[in-house]
Amino acid sequence: MKILTFSGATPAEALKKAQLEVGEEAMLIETREVQKKSLGKSALYEIVVGVEEHTIPKTKAKIEEPLMKQRPLAQKSSDVLYNISEAAKQISKIAEVTEEERAPRHAPIRESEDLKRIKEEIEKLGDKVKLIQNMFWSEKSPKTTAAIPPEFAEIYRLAQQSGMDQGHLDEIMHLTLEHMPSKMRESSETVKRYFQVLMRKMIPVRMETSPKPGGKKVIMLVGPTGVGKTTSIAKLAARFSYLLEKKYKVGLVVLDTYRIGAVEQLMQYARMMKLGIETVVDPPEFSSALNALRYSDYILIDTMGSSPYDKGKIEKIYECLRDNNTDYSVDVVLVMPSSIKYDDLKATYENFAPLGIDTMMFTKLDETRGFGNIFSLVYETKVPISYFSVGQEVPEDLVVATSDFLVECLMNGFGKGENV
């Protein structure tokens, strides 16, 4: 066997050189970092391969197409994952050796040639998988001085594709590497479980509590146009008045008099559930509406939808809260869709923040695939989540927020009926 060494700025580049020179039959012996990347110097990696001399191609014309061509990084990432998957399938197929193919029990303890060959093939494929993981991680991982195990590649990819802010992802990766026991780094599955536990602890949620005896809860939903505030009000009203162990008295207040359709929709819900409802046109009427519903255990307030940048409408909601001369404390819930990117969620929060946001509610979970944007917002603002709206059905599609629910969606996606 001939031992050859190839070098490159990345393991991928070194691998390409090896494949161009000796083809795909070479056995990977070692991958090492010779020179770390520094100011003015690029990193240098070496791979050592062994190849039978008779398998070395005579001319480059006979060489098969390399495993990875030089492509843009985004396209290369998908190729890496594809090849990991293909290699794993090959390992599984080769490992399916029946008992009949093994030597009989009464035979001398001696490996057959076929079994030796199978073991060698499995080792080769295992080396390929590890090399591909290392290449993927070295090019996509956060910049850190700590050694990054290849098992972290899967969890990093999942979190990055979820829409999580890059800075938050890198910070959590550093925390994971700093505190994770070394024994748990042996497989991607244990890394994933630890990462999930860490994220659960970083997600603030507001547990649902009932009104105290003789007291009441006043909940105001605010947020942009079209996020589902009116439907969410109906879901909450049905939950408090019919679905809990105790059936509470619920009253509704409508500030959204700009949209006749929204008022009519909520009035229809009120008639169906036999709930009291009050409308408010000007801020001075707000306190009178609350007093008119003083018999209620819950008072739910629907507000006019507006662009996050429409300061006038947000100011009018603020005036209602400011002029509230009742003894009732108003819990302000910011309602936002889960289907917009993190930067837009953050801008929406910042523009509604002067109202004094107590909790957040996220809607349209059935219309998105990524949930890292939600994680990043609550991680950044430290404002707890109270509810998730997971569809249009009233009252079924409402979930009381838990950190377990959000992390499950983030890591494994949302499936209606599966996560609830």
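## A pair of facing residues

In this predicted model, M361 stands opposite Y387, a residue of strand β10. Strands (E, at least two residues) and helices (H or I, at least four residues) are DSSP runs, numbered from the N terminus. Strand β9, residues 359-363, runs parallel to β10, and three bridges join them; two strands are said to pair if DSSP finds at least two bridges between them.

Between β9 and β10 the chain passes through helix α12, residues 372-381, and this β-α-β crossover is right-handed, a term which means that, with the strands pointing away from the viewer, the path from the first strand over the helix to the second runs clockwise.

Five of the five residues of β10, which covers residues 385-389, are buried, so the strand is largely enclosed by the rest of the structure. Here buried means under 20% relative accessible area, exposed means over 50%, and partly exposed lies in between, with a 1.4 Å probe and protein chains only.

β10 also pairs with strand β11, residues 398-400, in the antiparallel sense and over three bridges; in this pairing, L398 of β11 is the bridge partner of S389.

## The sheet as a whole

Eight strands, in the order β6-β5-β7-β4-β8-β9-β10-β11, form an open sheet whose pairing is mixed. Its edge strands are β6 (276-279) and β11, each of which pairs on one side only, and the twist from one strand to the next averages 20°. Such angles run from 0 to 180 degrees between N-to-C directions, and the axes are lines fitted to C-alpha atoms, for helices over the stretch in contact.

Within this sheet, β8 and β9 run parallel and are joined by five bridges, with V333 standing opposite T359 of β9.

## Helices around the sheet

Helix α7 (residues 229-243) lies across β4, β5 (250-254), β7 (298-302), β8, β9, β10 and β11, and runs at about 170° to β7. In helix α11 (residues 342-352), the buried residues are Y342, L345, A347, T348, Y349, N351 and F352; they pack against α5 (166-179), β4 (217-222), α10 (311-322), β8 (330-337), β9 and α12, where contact means heavy atoms within 4.5 Å.

Residues are numbered from 1 along each chain as its sequence is written, and side-chain values use heavy atoms, leaving out hydrogens and water. Because the model is predicted, local features need pLDDT of at least 70 and side-chain atom pairs count only at pLDDT 80 or more, while totals for chains, interfaces and linings use all residues.
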